[in-house]
Structure formats: structure tokens, C-alpha cells
Amino acid sequence: MRKLALLILASAFTFTSAFAQKDNEAKLILNKLSKQYRSYDAVKTDFTLLVDNAQANIKQTQTGTLIARSKTNKYKVTIYETGKLVSQEIISDGKSQWTYLKDANEVQLADADNSEEGFNPAKIFTMYEKGYKYIYTGLQKAGGKTYQAIDLTPEDSKATFFKVRLLVDKVKNQLYSAMIFDKNGSHYTYTLKTFAPVTKLTDATFTYDKKAHPGAELVDLR
């Protein structure tokens, strides 16, 4: 399940419903969200991931942190165990990608995938711009507040997900949550608990630190 958390995060913002059109109201909301995000050098967000599949009797919650610099396609995703113990990490400097798995005490090194279909959390607020349909579905309540709801669907019928529902805070102009509807019946809900621009980040933030994971085996997949 822990590996699944990162795999789903990789796809969470890359899919958008076959019946939907690119309606103007949804486009205005998404463009405004994207414009604000692009104005930052980097952002940091703490999130929760709820995995829910009633048929399989699965309902689990995990927490994590994302730091992303969209202009250079750099990011760091951290998934935690109980408290703040690191369970997994995915780190990319825009050229290489390191995936650390605590359970296996292993680090997988691969070339970064900067394609439109590739895993790139640095573009989570702009993925809709190519290859997706979107429609504004009205206001929706969550966590005691009301948000703008937008349904996204992939133009590629082979996508694993058939819909992503975004909830956007109109006042803050920030993404609140994304619910991914898997074709296998699972729902994956990412809720952003915090969101803040970050300045003065060094490149070391987006590079794997061997000293932080002593003894981890390096598996070179390049």
C-alpha cells in the first residue's frame, strides 16, 4: 500500500471524464490557479491521502509532503509512517529521479521522465493544459467549507483513471483536494492541509542525500 501511495501521486494530476467538454468557467478557474502557482519559485504542501475501496474492504490514510519547483521540473515527495518517520521518498533534480523505499532499504535511480505523460509532481497545478477535458460542476461542501468543483477526464481512453475531481478554494485561489476515480473501483483522495510558497531553496533539496539513508542499496535502472 505504501508503494501505491507514490504511484497514485504520480498519476493523480495527469488524468482528466470522456463526456466532459472544456467549458469556459472551468478554464477560468484552472487558469487562475495555474497563473498563481507559476508566479512562485517553489511551493510546499503537506497532504493526506485517503485510499478507499469498499469492495475490497480497504480504507487507509497516509500523510506526506510535496516540495516542487515547476520552472525546472524539480520536486521532492515524502510519505510518512506514524509521526514523521519517513517511509518513502521520490526526488528529482529534473534529470534524474531517486525513489527511496524504507521497507526494502533500497534506492532506485532512474532518468527523470519529463514527458507530458510522465510522473512530474512539479506540474500538479498545470497538468490540465494538455490532453484533458474539464467541466465546472458547481459548488461542493467539504470540511465545513464550500469549494468550486471541477471534473477532469483523460482524452486517452486507456488511462487507468476515468475521472479526477478537483475542489478549489475560490477565496485563497488554491487547490484544496483531488479525488481520483480508478477504474478498479478505488478512490484516492488527496487533501492539501497546508500550502505555501518557498524561497531560498538550494538545489540540494532536490538531490538524494546518501548520508540521510545509511546502508540503503542503490539500484541503477538507467
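Reply: Let us start with the hairpin that β9 and β10 form, which has 4 residues between the two strands and, in the turn, N173 with a positive phi of about 55°. Please keep in mind throughout that this is a predicted model.

Me: OK, and in which sense do β9 and β10 pair, and over how many bridges?
Reply: The pairing of β9 with β10 is antiparallel and runs over 8 bridges. Within this pairing, K163 stands opposite F181 of β10.

Me: What about the other neighbour, how do β8 and β9 pair?
Reply: β8 and β9 also make an antiparallel pair, here over 5 bridges, and they form a hairpin with 6 residues between them. I150 has L166 in β9 as its bridge partner.

Me: How many residues of β9 are buried?
Reply: Of the 9 residues of β9, 7 are buried, so the strand is largely enclosed by the rest of the structure.

Me: Switching to α2, which of its residues are buried?
Reply: The buried residues of α2 are A26, I29, L30, L33, S34 and Y37. They lie on the same side of the helix because they cover an arc of only 130° around its axis.

Me: And what sits on the face turned away from that buried side?
Reply: That face of α2 carries the exposed residues N24, L28 and K35.

Me: How far does α2 reach, and what is at its start?
Reply: Helix α2 covers residues 24-38, and its 15 residues reach 21 Å from the first C-alpha to the last, close to the 21 Å expected at 1.5 Å a residue. At its start, a side-chain oxygen of D23 comes to within 3.0 Å of the backbone nitrogen of E25.

Me: New topic: how many salt bridges does the structure hold?
Reply: The structure holds 9 salt bridges. One of them joins K145 and D169, whose side chains meet at 3.1 Å, N to O; this pair links distant parts of the chain, with K145 in strand β8 and D169 in strand β9, 24 residues apart.

Me: Are those two buried or exposed?
Reply: K145 counts as partly exposed at 38% relative accessibility, whereas D169, at 8%, counts as buried.

Me: And what does E89 pair with?
Reply: E89 forms a salt bridge with K76, and the closest N and O atoms are 4.0 Å apart. E89 is buried, with a relative accessible area of 6%, while K76 is partly exposed at 23%.

Me: What does K102 pair with, and where do the two residues lie?
Reply: K102 forms a salt bridge with E81, the closest N and O atoms being 3.2 Å apart. E81 lies in the loop between β3 and β4 and K102 in the loop between β5 and β6, so the pair ties together parts that are 21 residues apart in sequence.

Me: Last one: where is S186, and what does it touch?
Reply: S186 is found in the loop between β10 and β11, and it is buried, with a relative accessible area of 6%. Leaving aside residues up to four places away in sequence, S186 touches D52, N53, I180 and F181.

Key. Residues numbered from 1 in each chain as written. Predicted model: local features only at pLDDT ≥ 70, side-chain atom pairs only at ≥ 80, totals over all residues. Heavy atoms only, no water. Expected span 1.5 Å × (residues − 1). Buried < 20%, exposed > 50% of the residue type's maximum accessible area, 1.4 Å probe, protein only. Arc of directions from axis to C-beta. Polar contact = N/O pair within 3.5 Å; in protein donor to acceptor, adjacent residues only side chain to side chain. Pairing = 2+ DSSP bridges. Contact = heavy atoms within 4.5 Å.
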